[in-house]
Amino acid sequence: MQALTVSQITGDSNPNYLIQQMTGLDAVTPIDGPTKPTILGADFYSAAGTGSKPTTGQSFYAHNTLFHEFLHAYLAITDTEMIQYFGPNGLTPYATYSNSVAISAWLSTDCNSTLPYFTWINSINQTP
Ligand SMILES: [Zn+2]
């Protein structure tokens, strides 16, 4: 099977292989092209949880990851732009974790506030 490039999926000019864009990510939504597909990582719904880092095998985290990616697709904005636009609505970046993580945490509160990181991790681990 031949590896696909990002441009083959989105119609943009990104010549990188999609697998390169996915490395280390649960999901990705390229926003530069005329189509903005959300592409899920391998084993998206079955990845085992570790307790200290959320995984998409945990349904609560998977759902918020999908909401996060759909915001990228619908609004065609980056994580940094989401932080700017939704900051007045309680989305605040974490000092030591990525903006991506903060956005998923904020979505998990119905967009009311960004839970402290370990409070958010505990809520994921306690939600079936
Ligand atoms: Zn994102």
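I take a nonpolar core to be a set of buried Ala, Val, Leu, Ile, Met, Phe, Trp, Tyr and Cys residues that are joined through C-beta atoms within 7 Å. I also keep in mind that I am reading a predicted model.

**Entry: the core.** Under that definition I looked up the largest nonpolar core, and I found twelve residues in it, namely Y61, A62, M82, L91, V101, A102, I103, A105, W106, L107, W120 and I124. I then asked which elements give two or more residues to this core, and they turned out to be helix 3 (59-75), helix 5 (99-107) and helix 6 (117-126). Helix 5 supplies the largest share, with six residues.

**Entry: one core member.** I picked A62 from the core list and looked up its contacts, leaving aside residues up to four places away in sequence; A62 touches F44, Y45 and T56.

**Entry: the elements.** I noted six helices and two strands in the protein chain, and, reading from the N terminus, I wrote their order down as α-α-β-β-α-α-α-α.

**Entry: overall dimensions.** I looked up the radius of gyration of the protein chain, which is 15 Å, and this agrees with the value near 14 Å that a compact globule of 128 residues would have. Along the principal axes, the C-alpha atoms fill a box of roughly 40 × 35 × 20 Å.

**Entry: burial and contacts.** I recorded that 23% of the 128 residues of the protein chain count as buried. For contacts between residues at least 6 apart in sequence, I recorded that 29% join residues at least 24 apart.

How values were computed. Residues numbered from 1 in each chain as written. Predicted model: local features only at pLDDT ≥ 70, side-chain atom pairs only at ≥ 80, totals over all residues. Helix = DSSP H or I, 4+ residues; strand = E, 2+ residues; numbered from the N terminus. Rg over C-alpha atoms; globule rule 2.2 N^0.38 Å. Buried ≥ 20, exposed ≤ 12 C-beta atoms within 10 Å, placed from the backbone. Contact = placed C-beta atoms within 7 Å.
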